[in-house]
Amino acid sequence: MALLRPAALVTLMSAAAGGGRGRRAPPGGLQSPSLSSSAPPQPLIAAKQPFPVELKAGKKYGWCACGHSKSQPFCDGTHKTAAPGISPLRFTPEKDGTAWLCGCKRTRCPPYCDGTHKDEAVQGARLPAQP
Ligand code: FES
């Protein structure tokens, strides 16, 4: 089975919901209701661009995969209540240095940005209100 890009999923979900061509993603990104109860929960778009962070070799990090963390791009445990079906990605870099960690939560090579944030589904999405 081929993997679908997030933008393709939005198109499929929009078509299934009766939406027409050119219909935009719902406010807040891809958080529209699931088509079935077995569909995985969708992460919140935390940012429309990656976060540059300094990583240390051998140190363990938890990248926020749900988008709800207030410590972006890292996990603060909010997924336990806000997105119980999504877990953080734990990783340990092999080298010291700057890394660009995904903020849109749509990358296909987490935790790193792969440019997916440039898609209309991300750039056209409304971000959650900031306090
Ligand atoms: S910030 Fe998510 S792919 Fe770039």
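Biologist: Among contacts in the chain between residues at least 6 apart in sequence, what percentage join residues at least 24 apart?

Modeller: Keep in mind that this is a predicted model. We take the contacts between residues at least 6 apart in sequence, and then ask which of them join residues at least 24 apart. That share is 57%.

Biologist: Nice start! Which pattern do the helices and strands follow along the sequence?

Modeller: The chain has three helices and four strands. Read along the sequence, they give the pattern α-β-β-α-β-β-α.

Biologist: Are the rings of Tyr61 and Phe91 stacked or edge-to-face?

Modeller: A pair of aromatic rings is described by the distance of the centres and the angle of the planes. For Tyr61 and Phe91, the centres are 5.6 Å apart and the planes are at 25°. Planes under 30 degrees apart count as stacked, so the pair of Tyr61 and Phe91 is stacked.

Biologist: How many residues apart are Tyr61 and Phe91?

Modeller: Tyr61 sits in strand 2 (residues 61-63), while Phe91 sits in strand 3 (residues 89-91). Their pair links distant parts of the chain, and the separation is 30 residues.

Biologist: Is Phe91 buried or exposed?

Modeller: The relative accessibility of Phe91 is 10%. Buried means under 20%, so Phe91 counts as buried.

Biologist: And are the rings of Phe91 and Tyr112 stacked or edge-to-face?

Modeller: Here the ring centres of Phe91 and Tyr112 are 6.1 Å apart, with the planes at 70°. An angle over 60 degrees counts as edge-to-face, so the pair of Phe91 and Tyr112 is edge-to-face.

Biologist: Where does Tyr112 lie?

Modeller: Phe91 lies in strand 3, and its pair with Tyr112 ties together parts that are 21 residues apart in sequence. Tyr112 itself is partly exposed, at 33% relative accessibility. Its place is the loop between strand 4 (97-101) and helix 3 (120-123).

Biologist: Which residues do ring pairs link into a cluster?

Modeller: The count comes to three aromatic pairs. Ring pairs join four residues into a cluster: Tyr61, Phe74, Phe91 and Tyr112.

Biologist: Which backbone atom lies 2.7 Å from a polar atom of the side chain of Thr107?

Modeller: Thr107 is in the loop between strand 4 and helix 3, and it is buried, with a relative accessible area of 11%. A polar atom of the Thr107 side chain lies 3.1 Å from the backbone nitrogen of Cys109. At 2.7 Å from a polar atom of that side chain lies the backbone oxygen of Tyr112.

Conventions
Residues numbered from 1 in each chain as written. Predicted model: local features only at pLDDT ≥ 70, side-chain atom pairs only at ≥ 80, totals over all residues. Heavy atoms only, no water. Phe/Tyr/Trp six-rings, centres within 6.5 Å; stacked < 30°, edge-to-face > 60°. Helix = DSSP H or I, 4+ residues; strand = E, 2+ residues; numbered from the N terminus. Buried < 20%, exposed > 50% of the residue type's maximum accessible area, 1.4 Å probe, protein only. Polar contact = N/O pair within 3.5 Å; in protein donor to acceptor, adjacent residues only side chain to side chain. Contact = heavy atoms within 4.5 Å.
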